Amino acid sequence: MRFSPLASVAGALMVLASVSAAAQTFATKDEAVAMVGKAVAHLKSAGKDKALAAFNDKNGGFTDRDLYVVVYDFSGRCIAHGANLKLIGKDLIDAQDIDGKLYVKERIELANSKPSFWQDYKFTNPTNKKVEPKQMYCEVASENIVCAGVYKQ
């Protein structure tokens, strides 16, 4: 069997293409930070009612692959959720992930001490419906906690 430089290059390009496609399937931490920044700006410019409606609308510009905006008030009530409309209006202060972590309570505690932060917990990925490790980036915007997260790959 002979070595073929052309075959090697073609193989390398196929590997790079598959890595690139996988990267495009999942949001990055930079994209999560940018999405939260965009959401906070929209909240300020459009007003709370219009902004929350956009965050909850999968076609509202605040959902991208596995990345979506979530907004909580400081009591633990979910006021926007780009992936699960059933959670809107619910008091989730006692919500636990599969490991028993009170992630909403922790999120509020972090928001009370920092203007922005990252948080680790486990949550259902909307693209595959599996519970996966997630990193959520959040910023405090007046009386709201605006977040978007990435699933660890």
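Asp-73 and Arg-77 are joined by a salt bridge, with N and O 3.2 Å apart. A salt bridge here is a side-chain nitrogen of Lys or Arg within 4 Å of a carboxyl oxygen of Asp or Glu. The model is predicted: local features need pLDDT of at least 70, side-chain atom pairs count only at pLDDT 80 or more, and totals for chains, interfaces and linings use all residues. Residues are numbered from 1 along each chain as its sequence is written, and side-chain values use heavy atoms, with hydrogens and water left out.

Within this pair, Asp-73 is buried at 13% relative accessibility, whereas Arg-77 is partly exposed at 35%. Buried means under 20% relative accessible area, exposed over 50%, and partly exposed in between (1.4 Å probe, protein chains only).

The whole structure has 7 salt bridges. Another of them links Arg-65 to Glu-31, where the closest N and O atoms are 2.9 Å apart. Arg-65 sits in the loop between strand E1 (63–64) and strand E2 (67–73), and Glu-31 in helix H2 (residues 29–46), so this pair ties together parts 34 residues apart in sequence. Helices (H or I, at least four residues) and strands (E, at least two) are DSSP runs, numbered from the N terminus. Both partners are partly exposed, Arg-65 at 29% and Glu-31 at 31%. A further salt bridge, at 3.3 Å from N to O, joins Lys-101 and Glu-106; Lys-101 is partly exposed at 27%, and Glu-106 is partly exposed at 25%. Through shared partners, salt bridges also connect Glu-31, Asp-64 and Arg-65 into one network.

Next comes the interior. The buried residues of helix H3 (residues 48–56) are Ala-51, Leu-52, Ala-54, Phe-55 and Asn-56. These pack against H2, E2 and strand E3 (78–81), contact meaning heavy atoms within 4.5 Å.

Which residues touch the most other members of the largest nonpolar core? They are Phe-55, Phe-62, Val-69, Val-71 and Val-146, in a core of 22 residues. A nonpolar core is a set of buried Ala, Val, Leu, Ile, Met, Phe, Trp, Tyr and Cys residues joined through side-chain atoms within 4.5 Å. Two or more residues of this core come from each of H2, H3, E2, E3, E5 and strand E6 (144–151), and H2 gives the most, with 6 residues. Leaving aside neighbours within four places in sequence, Val-146 has contacts that include Val-36, Ala-39, Val-40 and Leu-43, as well as Val-69, Val-70 and Val-71. A second, separate core has 20 residues, among them Leu-92, Ala-95, Phe-117 and Phe-123.

The structure holds 1 cavity of 30 Å³ or more, and the largest cavity has about 40 Å³ of space. On a 1 Å grid over the protein atoms alone, a cavity is a set of points where a 1.4 Å probe fits but cannot get out, and lining residues have an atom within 4 Å of a point. Grid points are joined across faces, edges and corners, and a volume is the space filled by probe spheres set on the points.

The lining of the largest cavity includes Tyr-68, Val-70, Tyr-72, His-81, Arg-107 and Lys-134. E2, helix H4 (103–113), strand E4 (116–124) and strand E5 (131–141) each give two or more residues to this lining, and the largest share, 3 residues, comes from E2.

Key. On a 1 Å grid over the protein atoms alone, a cavity is a set of points where a 1.4 Å probe fits but cannot get out, and a pocket is an open set with protein on both sides within 12 Å along at least five of seven lines; lining residues have an atom within 4 Å of a point.
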